[in-house]
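Student: I have a model to go through. Can we test its labels against their cut-offs?

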Amino acid sequence: MKLKYLAGILLASFAMSACDDNTEDIGTSLVSNLDNLDVTTDTFNVTSRSIIVDSVYSRSSMGYLGNVRDPETNSYVTADFMTQFHIFENYAFPKKEDIVSLQDGNIIADSCEIRLYYDNYFGDSLSTMKLSVYELTKPMLEDQKYFSSFNPFINGYTNESRCLAQKAYSLADLTASSADKSSDDYTPNICIKFDKPYTDRNGNTYNNYGSYVINEYYKNPKNFESSIRLANNVMPGFYFKSTGGVGAMAYIFTSQLFVYFRYIDKDSTYVGVTKLAGTEEVLQTSRIINDAKRLQSLAEDNTCTYIKSPAGIFTEMTLPVDDILANRQNDSVMSAKLVIPRINNSTNSSNSLGVPQTLLMIPKDSLKTFFVNEQLVNNRTSFYAHFTKSSNSYTFSNIANMISAMNRNRKSENWNKVVLVPVTISTNSSSVITKVSCDMSLASTRLVGGSQNPHAPVRISVIYSKFK
């Protein structure tokens, strides 16, 4: 039996013929009468529409901060983020009696600051932006799933009285000297000073937040033995809220808290620093605020469909499963290829949002559970396609398994619907996929589709096979 072997040849040939819409002669040209296998092809129209997605699962190693306008769609996007801090196990301050940073006989921190380090940004680095930093009143929970619509004020994680600092900044980092910027150790960052008096939950007041941290250590060093104990007993975390300015969005890859103090060691005085970092080892989540009215207007545009990330608009497609399988009881669907053309931007701007680089196709009913459950692409009910610049399109080479899965499970009203989601795919050194997460970066594009599509219809090309 050579059916599997033939299927491999046919699929390879189908992939090589991607630039040729005419597949009518594939079957006869490849297999002749070998094993009496009959191969036929057909194409079907695929319907699509834009759907508004108010939030996505947003736990990420990256935090987003700022406010920008998409010149193509005139829609605004604001991003804030929450983070907790990680401490190395068995971290220790110097002995209490060695600290020489004192005020009225009490141990203090000479200064304290948070730096938000970014390795990329969108927009104008000279735009003047503003932010506020709020201390969380309770830590984020490991067993709770945080989405990009999560509001820490409404959900009781902080309040206006917990504002520790406000900061005006630009991503050009004009406060750093040219010498600092030319140093190999320099990384662009937003520096926020915690130099005001701080009052803890028990009513104790310190000259700054760093003094609170040091004194908490000497009260109970065990609270600094793990990140979980630190979050639960000392430092629940922080919320960085964009409060002013338009034109720049920073991609924060790590946040660090610095506490500076002086201590004596062998009759010499040194400046010590404690560093705590916000990383993926602890909880971090971004909040995305979109212009709801503008998103609704875009979603109602039936001449195309949209993809807007981080959260905003995705494209829903209805696959013509019944048409594909009609009168094909004895046929096997060997291949189902779907090419989705992109529509070029209608405006030319240096600040246009980027094109989503990878789209994930999943059943509509799996839109949230896929990411919450940290599922991976299985090429049965989930597929991905990269953007191909040369063809200006996304190509799903073979979603035949999706057609079969939909045919077997018709219980939901969305049984034949899929959603295209912009994602980031992580792989290991062997190129094996290790993580699929929602793309939280700023990206936007229009796709051919919609109920009043003026372009050629989006079509799915199918190859069938059966024995004569």
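Student: Why does Arg-446 count as buried?

Tutor: This is a predicted model, so the value is computed. Arg-446 has 18% relative accessibility. Buried means under 20%. Therefore Arg-446 counts as buried.

Student: Where does Arg-446 lie, and which residues does Arg-446 touch?

Tutor: Arg-446 is part of strand S25, residues 443-447. Not counting residues up to four places away in sequence, its contacts include Glu-72, Cys-304, Tyr-306 and Arg-342. Asn-344 is also among them.

Student: What does the side chain of Arg-446 reach at 2.8 Å?

Tutor: The backbone oxygen of Asn-344. A polar contact needs N or O atoms within 3.5 Å. At 2.8 Å, this pair qualifies.

Student: What makes strand S10 largely enclosed by the rest of the structure?

Tutor: S10 spans residues 189-193. Four of its five residues are buried, so S10 is largely enclosed.

Student: How do you know that S7 and S10 pair?

Tutor: Pairing takes at least two bridges. Five bridges join S7 (residues 111-123) to S10, so the pair passes. The two strands run antiparallel. Glu-113 stands opposite Lys-193 in S10.

Student: Which residues of helix H6 are buried, and why are they said to be on the same side of H6?

Tutor: In H6, residues 292-299, they are Leu-295, Leu-298 and Ala-299. They cover an arc of only 95 degrees around the axis, which puts them on the same side of H6.

Student: What do the buried residues of H6 pack against?

Tutor: Strands S2 (47-53), S16 (284-290), S17 (305-309) and S18 (312-318).

Key: Residues are numbered from 1 along each chain as its sequence is written. This is a predicted model: local features need pLDDT of at least 70, side-chain atom pairs count only at pLDDT 80 or more; totals for chains, interfaces and linings use all residues. Side-chain values use heavy atoms; hydrogens and water are left out. Buried means under 20% relative accessible area, exposed over 50%, partly exposed in between (1.4 Å probe, protein chains only). The arc is that of the directions from the helix axis to the C-beta atoms. Contact means heavy atoms within 4.5 Å. A polar contact is a pair of N or O atoms within 3.5 Å; within protein, one must be able to donate a hydrogen and the other to accept it, and residues adjacent in sequence count only if both atoms are side-chain atoms.
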